Amino acid sequence: MGERLAKKLWRLKELERILLEAHPQGLHNAELARRIEISRSEIPEYLEDLAALGVQVYDSDDGKHAIDPATHRVNLRLNLDESLAVLLAIRLLTTRSDKRNPHAAGALRELASSFDKLAPFIAQHIRQ
């Protein structure tokens, strides 16, 4: 990977981290640019790139950009064994709980989708 691409990827991750963790209330273009060491004019491009990666950035009335942690989706990279461990943990949670957990059900659907090409038999089992 080229140095330029690696730098851009680092900046995108850093921009996401800043808006999620360090400044959930949001920041203006100038402050974002200063923190990831680019010009203010480049911020809209970076925000578009984040959107293309599935990160929803919201603009407030006062010109700040923010990420809503309640709707933010986390990207995980798990190998097959780690995925199976997550599956077992979710199944344990759902079998030991006396109430339906829609978040666990959603996680199972996402897990099943991730198994479609890697292990279709497991994906079908999860869906059932």
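## Close-up views of a predicted model

**View 1. Helix 5 from end to end.** Helix 5 contains 14 residues and spans 20 Å between its first C-alpha and its last, close to the 20 Å expected at 1.5 Å a residue, where the expected span is 1.5 Å times one less than the number of residues in the helix. Helices (H or I, at least four residues) and strands (E, at least two) are DSSP runs that are numbered from the N terminus. This is a predicted model, in which local features need pLDDT of at least 70 and side-chain atom pairs count only at pLDDT 80 or more, while totals for chains, interfaces and linings use all residues. Residues are numbered from 1 along each chain as its sequence is written, and side-chain values use heavy atoms, with hydrogens and water left out. The buried residues of helix 5 are Ala-104, Ala-105, Gly-106, Leu-108, Leu-111, Ala-112 and Phe-115, where buried means under 20% relative accessible area, exposed means over 50%, and partly exposed lies in between (1.4 Å probe, protein chains only). These buried residues of helix 5 pack against helix 4 and helix 6, with contact taken as heavy atoms within 4.5 Å. Arg-109 also has its place in helix 5, but Arg-109 is exposed, with a relative accessible area of 53%. Although Arg-109 and Arg-127 are 18 residues apart in sequence, their C-alpha atoms are 6.8 Å apart in space.

View 2. Rolling a probe the size of a water molecule over the atoms shows where empty space is left. The largest pocket holds about 570 Å³ of space. On a 1 Å grid over the protein atoms alone, a pocket is an open set of points with protein on both sides within 12 Å along at least five of seven lines, whereas a cavity is a set of points where a 1.4 Å probe fits but cannot get out, and lining residues have an atom within 4 Å of a point. Grid points are joined across faces, edges and corners, and a volume is the space filled by probe spheres set on the points. The lining of the largest pocket is made of 17 residues, with Val-74, Leu-76, Ala-107, Glu-110 and Leu-111 lying nearest its centre. Helix 4 (80-96) and helix 5 (102-115) each supply at least two of the lining residues, and the largest share, eight residues, comes from helix 5. By type, the lining divides into ten nonpolar, five polar and two charged residues; Ala, Val, Leu, Ile, Met, Phe, Trp, Tyr, Cys and Pro count as nonpolar, Asp, Glu, Lys and Arg as charged, and the others, Gly among them, as polar.

**View 3. The second largest pocket.** The second largest pocket has a volume of about 410 Å³. Its lining has 16 residues, of which Lys-13, Glu-16, Leu-53, Val-55 and Asn-75 are the closest to its centre. Helix 1 (residues 3-22) gives the most to this lining, with seven residues, and the lining as a whole divides into eight nonpolar, two polar and six charged residues.

**View 4. Salt bridges across the chain.** Side chains of opposite charge can pair when their charged atoms come close. Seven salt bridges are found in a search of the whole structure, each being a side-chain nitrogen of Lys or Arg within 4 Å of a carboxyl oxygen of Asp or Glu. In one of them, Glu-110 pairs with Arg-73, and the closest N and O atoms are 2.8 Å apart. Because Glu-110 lies in helix 5 and Arg-73 in the loop between strand 2 (65-66) and helix 4, this pair ties together parts that are 37 residues apart in sequence. Glu-110 counts as partly exposed, at 46% relative accessibility, whereas Arg-73 counts as exposed, at 53%. Another salt bridge joins the side chains of Asp-116 and Arg-127 (2.9 Å, N to O). Asp-116 lies in the loop between helix 5 and helix 6 (120-127) and Arg-127 in helix 6, so the pair ties together parts that are eleven residues apart in sequence. Asp-116 is partly exposed, with a relative accessible area of 35%, and Arg-127 is partly exposed as well, with 45%.

**View 5. Glu-37 in a loop.** Most residues other than glycine have a negative phi. The phi of Glu-37, however, is near 60 degrees, a positive value in a residue other than glycine. Glu-37 has its place in the loop between helix 2 (29-36) and helix 3, and Glu-37 is exposed, with a relative accessible area of 63%.
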